[in-house]
Amino acid sequence: MRLENWLYTIPLRIRSLLLRQRRDAELDEELRDHIERQAEENRSRGMGEEEARLAALRSFGNFVAVREQTHETWAWATIGRLRQDFRCALRSARRAPLFSAVAVLALALGIGLNTGVFTMLNAMFLRAPTFVDPASFVQLCPRYSGWFTGADQNSSFTTEDFDAIRSRSHTLDEVSAWRQYSALLEQGNKYITTLLMTCNYFHVLGIDRAEVGRFFASGECTGRTGAHVAVLSEPVWKNQFGADPRIVGKTIHINGVPVTVIGVAPSDAANYLLGGVFLPYTLEPQLNHAEDLLTSPDTPWLSLTGRLRPGFTRADARAELTAIMNQQDRVYVQRKTTAFDRKTSLVVTDGSEIESPAIHNLALGLMVLMLGPLALILLLACSNVATLFLSRTLARRGEIAIRLALGVSRSRLAGMLLMESLLTVCIGGALSLVLAYRVPLIIMNIMAADQANFVVLLRPDWRVLGYLAILMAAATVLSSLMPIRAAWKLDLLTALKGREGAATVRSRTTSGLIVTQIALGFVLVCAAVIFGRMPGLIKGMNPGFEIHQTLNVPIDVNTSGKNRAKAQVFYRDLEGKLLAIPGVQSVAYAGLQPFDQHPPTEIRLPRQTKGTGQPATVDDVSTRFFSLFGIRVLKGRAFLSSDVSSVGASQVVVVSEAFAKQFWPGGDPLGKAIVMPDDRHLTVVGVVPDTRSERFGVLDGPRLYTLRGPSDLGGNLYVGFLGSAKPLKTAVREAVKSLDPTQTIVPQTIWESLEDQAESMVAVARIVLAMASIALLMAVTGVYCVLSFAVNQRRREFGIKMVLGASRTVVFRSVLVGAMRNIAIGLMCGVALAEPAMLLFNRLLARSPLPLRPFDLTVFGISAVLLAAVSLIAMYLPASRAMRTDPMRVLRTD
Amino acid sequence: MSKPADLVQGTLDVLVLKILALQPLHGWALSQRLKQVSGEVLQVSDGSLYPALHKLEQQGWIKAEWKPTENNRRAKFYSLTRLGRRHLEQEAANWERISAAISGVLRLTEV
């Protein structure tokens with residue numbers, strides 16, 4: 001249409017949109033005027049009054065149809081139609097307020113939980129960690145090929161790599177490096193996340209203004225010893241220092257190192273600040289006694305982020321930086337400090353976690369695991385709403401039949417029903433926004449109450465809104481599908497006669513609904529049972545060794561090269577001091593930490609060649625290990641002090657029962673020889689029972705204990721003691737400090753670390769439990785609604801049965817048996833759904849000590865019983881209503 | 001609900017425009033006129049005129065105006081706009097061309 005046409009028609013278009021009612025009235029007047037004039041004309045030709053009118057009507061054609069066709073020619077006819085549908089939906093929603101409220105609430109809950117968690121995941125995984133010009137933000141992810149293990153390895157950068165990139169790159173405007181580190185703040189006994197970083201770190205993230213004080217000046221991060229300055233995050237400032245207004249200039253201690261606070265980073269950026277305390281990365285050697293990463297030319301330790309120079313893309317940066325890293329690789333290999341033939345490839349991402357190759361799979365898995373159950377809750381909500389709509393559609397079948405008879409097309413009818421769902425979903429969606437903002441905060445408060453430096457900042461972006469839109473569209477379609485189908489298949493004649501039998505809604509539909517709800521509910525209840533049992537399992541298990549009277553003393557000593565002699569003296573003195581503490585029984589070392597997964601080693605028998613051996617976990621322990629950990633000896637003996645040879649490694653080994661069974665099934669392991677990967681031949685002198693030290697409550701696989709050499713250093717130091725742990729912990733701490741004041745340690749009994757683990761599980765369990773309760777509630781109300789609806793539908797059938805002589809018990813039982821069959825099918829479907837989810841979960845947690853069995857009958861059993869019991873209660877009411885059917889009344893209504 | 005299915009698409013529009021070009025008319029008068037001039041050849045139910053009229057109005061070719069008529073009544077009178085007049089000229093020219101072409105072809109086949 002040309003511009004001139006528009007000029008003519010714009011007023012008309014606006015009128016047809018805004019003054020629709022007046023236009024409607026005018027059209028009516030126009031058409032009636034026509035008919036009247038025709039009637040007059042007919043009369044003037046000598047027809048009678050009535051005859052003239054009828055003839056005029058006949059020659060005019062279908063009045064309603066003409067009006068509709070004329071409507072269609074008006075501009076924005078679709079909008080008008082939608083508006084009609086909308087008004088219609090609004091009317092029918094108002095007519096059943098309780099019903100609408102229930103539907104809206106169910107959807108608000110379902111959508112709100114989903115959007116809320118997605119908002120959180122979006123902030124954590126999907127977004128670039130900056131609000132300022134995210135397009136130019138880059139994160140560099142190096143990957144080594146040809147690593148010792150042969151597999152590719154995601155890695156980080158060495159200090160030299162960082163310096164090379166910083167000085168040579170043209171595509172990057174600015175590069176910042178950082179490393180997360182757990183350190184002790186002041187005399188506290190909890191570790192706090194600190195971030196060692198270059199001084200431009202905040203600037204690269206787009207945070208330029210400190211809340212209090214200032215950020216680092218560029219000179220504070222150069223040289224081999226950085227300035228002793230620190231920036232606090234706002235949560236740490238508030239929680240640990242009471243928001244002290246004079247914090248700037250104060251001296252605090254990180255791992256015992258004194259640093260001066262120069263500023264506080266604002267918390268609205270804290271979401272992306274990966275720590276609570278920020279320090280120059282040049283302080284690393286002073287914080288970490290064990291390793292000097294800063295000056296080590298070979299150890300990768302830094303993560304790199306940066307900003308693209310205007311005009312360059314991430315691909316440009318990748319090409320250039322790969323070239324720089326290849327030069328670095330050559331330098332590395334030429335230096336020949338390790339046997340590693342380093343080859344680096346590089347990925348340049350937008351900084352979001354999901355794009356980082358190292359955690360892509362984990363992040364994706366976590367998102368699936370968190371959003372999956374929530375999607376199930378939404379599905380449950382949708383099936384509830386679908387049930388409600390379905391029952392309402394059928395209650396309104398008389399009205400629908402009349403609409404159809406008057407010439408409304410079935411597609412138009414479907415549109416009307418869709419609009420009703422859309423209206424409900426939209427109101428629910430709008431309400432859900434309230435939840436969407438609360439949920440992440442609630443979750444974070446439960447999960448990380450003590451770790452207050454993690455605050456998720458919520459800024460809904462297109463991803464969140466898109467997700468919300470997808471959810472709402474899906475909910476609309478899902479909840480209107482069945483009512484539309486019912487309306488579509490409505491038989492006009494029987495419906496108009498009001499003689500519709502029980503067959504309107506096939507029992508297949510109601511069965512399907514019950515099965516779906518039970519199955520979905522089952523998956524979520526399973527999750528709740530798994531997590532609900534976890535803390536109890538952790539605390540209640542018997543690992544097979546002493547955990548209450550065993551204290552872990554974490555120390556941090558540089559044992560490499562020139563520091564070795566000093567470290568040796570330190571350890572010797574420490575052992576003496578520890579043994580002098582009253583209550584201390586013994587001191588021992590172990591190579592492995594309990595409740596951690598360790599890669600197995602290949603162990604061979606003397607005649608086996610390399611590669612044909614079997615895997616076993618190897619723990620390097622000192623002589624007192626078995627007595628300290630309370631592991632008794634089954635056969636042979638434990639290590640003796642005389643086994644420790646002063647020259648080289650010892651020749652004896654103690655094996656676990658599982659090891660003995662695997663290598664010498666049925667035979668006596670004592671005196672047999674085994675071969676270590678480095679071709680050392682060792683003789684078995686003792687057999688000890690299997691412990692549960694890798695996974696909670698799960699027996700370890702084959703285990704081998706080798707004897708620690710007399711001059712070996714490092715490893716985990718344990719103290720066995722009698723009496724109360726509390727005074728002893730202080731004494732141990734003092735003993736360590738008296739030898740090396742820079743050591744700031746928190747000794748913990750193994751039991752205490754277990755309790756910590758259990759506590760963190762309690763937080764997760766609480767969230768899962770809340771989710772599952774919502775799901776259970778929805779499933780149960782759903783089952784109740786479906787069954788009441790089905791019973792209502794079958795009233796006539798029950799009446800006839802009773803008239804034919806069926807007793808009330810028979811009717812009651814028939815309803816209940818049918819429903820129980822559906823529950824059984826639903827439970828089976830639930831197992832089929834839960835099993836793959838559990839497998840996935842298991843794979844994600846492969847490296848954690850949580851005991852998860854792929855097909856856990858206990859979990860399935862408890863969940864099934866719980867769900868069946870609750871849904872039977874929900875079924876009782878409709879079934880008893882069926883029983884009370886009055887045959888006379890029901891049959892008389894026909 | 002009969003639609004002027006026999007008519008070439010758009011013919012009714014042209015006829016309406018042509019009649020309205022002569023003088024503004026209301027719906028009923030227009031339908032009478034249509035029957036008259038087409039010699040009852042066009043079998044169109046009276047009602048189906050209105051969707052066509054409203055469509056023309058939406059396109060800006062005719063405009064409507066309520067005017068009083070005899071016996072204190074009022075009726076909606078349609079008249080041609082400037083745009084409509086131009087459109088009519090184009091359509092008429094088109095029609096001439098097409099009908100000339102068609103009759104030319106028909107005459108050829110008869111020979």
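How many salt bridges does the rule find across the interface of chain A and chain B? In this predicted model, the rule finds six salt bridges across that interface, and one contact of this kind joins the side chains of A:Asp33 and B:Arg73, with 3.4 Å from N to O. Polar contacts can be counted across the interface of chain A and chain B as well, and here the rule finds 12 residue pairs, both residues of each pair being at pLDDT 80 or more.

On the side of chain A that touches chain B, at least two residues are supplied by each of helix 1 (3-18), helix 2 (20-44), helix 3 (49-60) and helix 4 (63-73) of chain A. Helix 2 of chain A gives the largest share of that side, namely 13 residues. Sorted by class, the side of chain A that touches chain B holds 12 charged, 10 polar and 10 nonpolar residues.

Taking both partners together, the contact draws on 32 residues from chain A and 33 residues from chain B. The size of an interface is often expressed as the accessible area that is lost when the parts come together. Between chain A and chain B the buried area is about 3000 Å², and carbon and sulfur atoms give 48% of it.

Turning to chain B itself, its secondary structure consists of four helices and three strands, which follow one another from the N terminus in the order α-β-α-α-β-β-α. Chain B has 111 residues, of which 43% count as buried. Among the contacts in chain B between residues at least 6 apart in sequence, 44% join residues that are at least 24 apart.

A last stop is B:Ser31, which lies in helix 2 (residues 27-37) of chain B. Is B:Ser31 buried or exposed? Its relative accessibility is 4%, and because buried means under 20%, B:Ser31 counts as buried. Leaving aside residues up to four places away in sequence, B:Ser31 touches B:Leu49 and also A:His34.

Notes
Residues are numbered from 1 along each chain as its sequence is written. Chains are lettered from A and ligands numbered from 1 in the order in which they are written. This is a predicted model: local features need pLDDT of at least 70, side-chain atom pairs count only at pLDDT 80 or more; totals for chains, interfaces and linings use all residues. Side-chain values use heavy atoms; hydrogens and water are left out. Contact means heavy atoms within 4.5 Å. Buried area is the accessible area (1.4 Å probe) that two parts lose on being put together, summed over both. A salt bridge is a side-chain nitrogen of Lys or Arg within 4 Å of a carboxyl oxygen of Asp or Glu. A polar contact is a pair of N or O atoms within 3.5 Å; within protein, one must be able to donate a hydrogen and the other to accept it, and residues adjacent in sequence count only if both atoms are side-chain atoms. Ala, Val, Leu, Ile, Met, Phe, Trp, Tyr, Cys and Pro count as nonpolar, Asp, Glu, Lys and Arg as charged, and the others, Gly among them, as polar. Buried means under 20% relative accessible area, exposed over 50%, partly exposed in between (1.4 Å probe, protein chains only).
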